[in-house]
Amino acid sequence: MSVLNAAQKNAVAELLRVSPLADELGRLFGAAGHELHLVGGSVRDALLGRLGDDLDFCTDARPEQTLDIVRDWADAIWETGREFGTIGIQKNGLRIEITTFRAEAYDGVTRNPVVEYGDSLLDDLERRDFTINAMAVSLPGHEFTDPYGGLDDLAAQVIRTPAAPSQSFGDDPLRMLRAARFAAKLQFTVDKPVIAAMRDMAADLDRITAERIRDEFTKLMCGADPIAGLRLLVDTGLADRFIPEISGLKLEIDEHAQHKDVYEHTLIVVQNAMRLEGDEAPDFTLRMAALMHDIGKPATKAVGRDGRVSFHHHEVVGARMTKQRMKAMKYPKDVTSEVVELVGLHLRFYGYGRGEWTDSAVRRYVTDAGPLLARLHKLTRSDVTTRNRRKAANLAADYDALEERISRLAEEEDLARVRPDLDGNAIMELLGVAPGPVVGQAWRHLKELRLDRGPLTRDEAEAELFKWARDNGHLSS
């Protein structure tokens, strides 16, 4: 055994030693005549020094026996995973899942296993997705079990499967997407035979539900290095099974005739957006908007007589395509709406540096972005990937000027809450009308004036309201 492995074993033992709750639970199972092991991702994360508040255990106890053991000990219990052998509990702020040893068989059509309980820890570890997730630590004895070299793979930062990759992915094709997700999360290299199997078996991903694919893809996008995961998805053909628009960017040369194609540009934009997150948690909405912002280019590509390539209105087409794709992936409507809005707005800034923007245009920019303004700032800045330093500096200066102008107008006019100078009650009172379409039409007219001209006095607003009402037949004189 290597010194590194011994050190890692000691690290896990020490972690468990200072975590009396895990040992306490192990003693409860031992007293009932059963084994208990910390397992899978919990062991992996412990070895990496990043163990969180979610702990996974496995045991030879059946679910009903686990319930008997933890009933008086747990703060809360849930049985939503009982049919798959999992009992969930909460104790002192920790979320714990305890799963009976499994020796699963798959039907080869769906990813749903036919659950068969096992009696062996080694059999249970063999059915796990990757060697780095196929390690266990017994409780309370702290004996380490690593039959597939997970420690060595963790040290080498490589992702391998315990069984042959084809067998592992044939059992559960979602594991192919998980390989890319772990590459993004852990910044590990995926073993070549694993990549080969992903490429050969990419079509098997069609067996997986959109919701499960969505969840894995979201985790990939929120990883430390989503670019590595995205490249793996594209290179193996997995992306073509659920988000083909990304692969479709590879052949589209951007309008600036730069050395990189739109695909490479897009990956850089995602990286830029991540840097602008600062110390905040990963922002999926921003990252997804960065990924999708140019997907409308293939459909809008045109070559002019001078040979220059253009992608007119690709932001409009891209927004529509983004909505369709995220709907197909079953993303929540609110998340989809935010990403779509950012994609549709990402080109609005261009032209500002030529002095064409009035105060009205600035107000509309802020109003249209609404609560997404901070993200739109980041996305727009991220979209500057030119190697021309002068051009990049000019664009950055232009956006600095725009942000300063927004701040100045915001102080004067409260841009975050642009409203008409008369509310609905005032409109009804002045026009003598009941609630209905006329009130909404008048409100929208006054808001347009507010955006164009800035704040109006009460007398000016009333005069404009009466003028609109007369022009549209809502007043007799």
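Modeller: What follows takes labels one at a time and sets values against cut-offs.

Modeller: This is a predicted model, where local features need pLDDT of at least 70, side-chain atom pairs count only at pLDDT 80 or more, and totals for chains, interfaces and linings use all residues. Residues are numbered from 1 along each chain as its sequence is written, and side-chain values use heavy atoms, with hydrogens and water left out.

Biologist: Why is Asp119 called exposed?

Modeller: Exposed means over 50% relative accessible area, buried under 20%, partly exposed in between (1.4 Å probe, protein chains only). Asp119 has 59%, so it is exposed.

Biologist: What makes Arg62 partly exposed?

Modeller: Its relative accessible area is 23%, so Arg62 counts as partly exposed.

Biologist: How do you know that Asp119 and Arg62 form a salt bridge?

Modeller: A salt bridge needs a side-chain nitrogen of Lys or Arg within 4 Å of a carboxyl oxygen of Asp or Glu. The N to O distance between Asp119 and Arg62 is 3.5 Å. Asp119 sits in the loop between β7 (113–114) and α5 (121–126), and Arg62 in the loop between β2 (54–59) and α4 (63–70), so the pair ties together parts 57 residues apart in sequence. Helices (H or I, at least four residues) and strands (E, at least two) are DSSP runs, numbered from the N terminus.

Biologist: What makes Glu245 and Arg325 a salt bridge?

Modeller: Their closest N and O atoms are 3.0 Å apart. Glu245 is in helix α13 (residues 244–247) and Arg325 in helix α17 (residues 314–328), so this pair ties parts 80 residues apart in sequence. Both Glu245 and Arg325 are buried.

Biologist: Which residues do salt bridges join into one network?

Modeller: Asp129, Arg178, Arg181 and Glu216, through shared partners. The structure holds 24 salt bridges.

Biologist: What is called the largest nonpolar core here?

Modeller: A nonpolar core is a set of buried Ala, Val, Leu, Ile, Met, Phe, Trp, Tyr and Cys residues joined through side-chain atoms within 4.5 Å. The largest has 107 residues, and Leu291 is one of those with the most contacts inside it. Helix α8 (residues 174–186) gives this core its largest share, 9 residues. Another core, of 14 residues, lies apart from it and includes Leu449 and Leu456.

Biologist: Which residues does Leu291 touch?

Modeller: Contact means heavy atoms within 4.5 Å. Leaving out residues up to four places away in sequence, Leu291 touches Phe217, Met221, Leu230, Ile243, Ile246, Thr266 and Val270.
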